[in-house]
Amino acid sequence: MTIKDRKQVAVKDNQSGGSAMSSLLHKILTERVLALLVLTVIMVVTFYFLGQGGYLFAPFDLTYMLSSLQAFVPVALLALAEMFVITSGRSGIDLSVGAMVSLCGLAFGWAVQIAELPVLVAGILAIAAGVALGTINGVLVGVIGFPPLIATLATSYAYASIAMVASGQAPISGEKVAETNSLTTSVHLFGDLYLPIQVLTFFVPMLVLSWFLLEKTGWGKSLLAIGTNDVAAKYAGQKVKQIRASAYAMSGLLCGVAAIVNVAQFASARPDAGTSGNGMALPAITIAALGGVLISGGLARVSGVVMGALLITWLNAALLISFQGSIGPRSQLLALGLVLIFSVLLNSFAARKFQTKVKKNE
């Protein structure tokens with residue numbers, strides 16, 4: 001091989017290497033799940049070495065990461081709830097998820113402690129209450145045509161107020177409610193590692209159900225269709241009003257499940273469980289947007305929402321041990337706001353790609 005041939009081969013190798021790097025970078029920027037996976041790995045590795053170096057107030061290791069999944073389950077369930085609502089289109093959003101968690105939690109606590117019903121029956125009652133509350137939102141938005149922001153803001157105030165009045169502004173607690181804490185104990189993996197059991201008993205079944213409904217059923221395909229273009233979906237014979245309303249009912253169902261987990265974790269049914277502080281709605285909406293759910297509707301991936309929930313959960317856990325006192329929780333809010341802005345920018349880019357793809361298919 002001549003020197004000239006060797007130079008040409010080297011140039012081709014450099015070009016192929018550059019092309020591979022460019023392709024990888026493009027995938028990271030356009031494939032939301034891959035991008036979130038990369039960000040999560042970078043974040044975990046960074047805080048792990050910071051902990052090992054003594055820069056944190058506690059080690060950020062696997063034991064700590066697994067224990068933080070207690071906070072992951074409720075917020076991930078609510079993010080899935082927001083996913084269905086946002087996917088339905090018309091700038092869909094559910095600001096009442098936190099209030100529904102509070103009210104459904106009270107229903108669960110009342111059924112267990114006061115009515116002395118079996119835990120399974122009380123759980124079904126709490127989920128049924130969530131479906132009923134979500135259906136009210138669905139009727140307001142999907143059937144009557146209220147703007148989702150206004151409708152769910154109004155019901156958020158209403159549900160939160162009912163929770164406070166019905167409970168006399170006092171939590172429902174007692175021996176029977178305390179016994180529900182067994183629903184959220186930890187299961188031993190190996191060594192010193194324990195996994196919160198609610199990940200397996202509550203989150204995984206709801207994850208599979210959400211994936212199945214969205215990806216494998218006619219209802220899910222119809223939901224994506226009306227979220228993309230409800231006028232076209234209507235002319236195609238889709239029942240737009242009913243399907244959009246059912247997305248809010250599904251949101252209520254997931255809120256009911258999250259309420260059971262919340263009551264069991266804290267062994268108490270608080271009337272402000274989902275609305276105290278900054279509430280549960282903002283983190284859920286942020287995670288849904290971060291996970292690739294288009295704010296305009298019509299596009300969602302369950303895997304992206306789950307990865308987004310993991311990233312936010314572990315980021316919050318890391319910030320909590322990075323600062324002393326109240327600075328940790330306040331820094332979580334700053335991080336949440338920055339992540340939301342980042343998510344909107346990513347979604348704007350994804351929306352342009354999605355609209356281009358839809359036009360090509362047309």
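Two residues are said to be in contact when heavy atoms of theirs lie within 4.5 Å. The structure described here is a predicted model, in which local features need a pLDDT of at least 70 and side-chain atom pairs count only at pLDDT 80 or more, while totals for chains, interfaces and linings use all residues. Residues are numbered from 1 along each chain as its sequence is written, and side-chain values use heavy atoms, with hydrogens and water left out.

Leaving out residues up to four places away in sequence, threonine 152 touches Ile93, Asp94, Leu95, Ser96, Asn137 and Tyr248. Its place is in helix α7, residues 148-167 (helices are DSSP runs of H or I with at least four residues, numbered from the N terminus). Threonine 152 counts as buried because its relative accessibility is 0%, where buried means under 20% relative accessible area with a 1.4 Å probe, protein chains only. A polar atom of its side chain lies 2.7 Å from the backbone oxygen of proline 148.

Helix α12 covers residues 240-266, and its 27 residues should span 39 Å at 1.5 Å a residue, the expected span being 1.5 Å times one less than the number of residues. The end C-alpha atoms are 40 Å apart, which agrees. Of the 27 residues in α12, 23 are buried. Alanine 267 follows the helix and has a positive phi, near 50 degrees.

Glutamine 265 belongs to α12 and is buried, with a relative accessible area of 19%. Beyond its neighbours within four places in sequence, glutamine 265 is in contact with Gln70, Pro74, Asn181, Thr184 and Gln198.

Terms used: Helices (H or I, at least four residues) and strands (E, at least two) are DSSP runs, numbered from the N terminus. Buried means under 20% relative accessible area, exposed over 50%, partly exposed in between (1.4 Å probe, protein chains only). A polar contact is a pair of N or O atoms within 3.5 Å; within protein, one must be able to donate a hydrogen and the other to accept it, and residues adjacent in sequence count only if both atoms are side-chain atoms.
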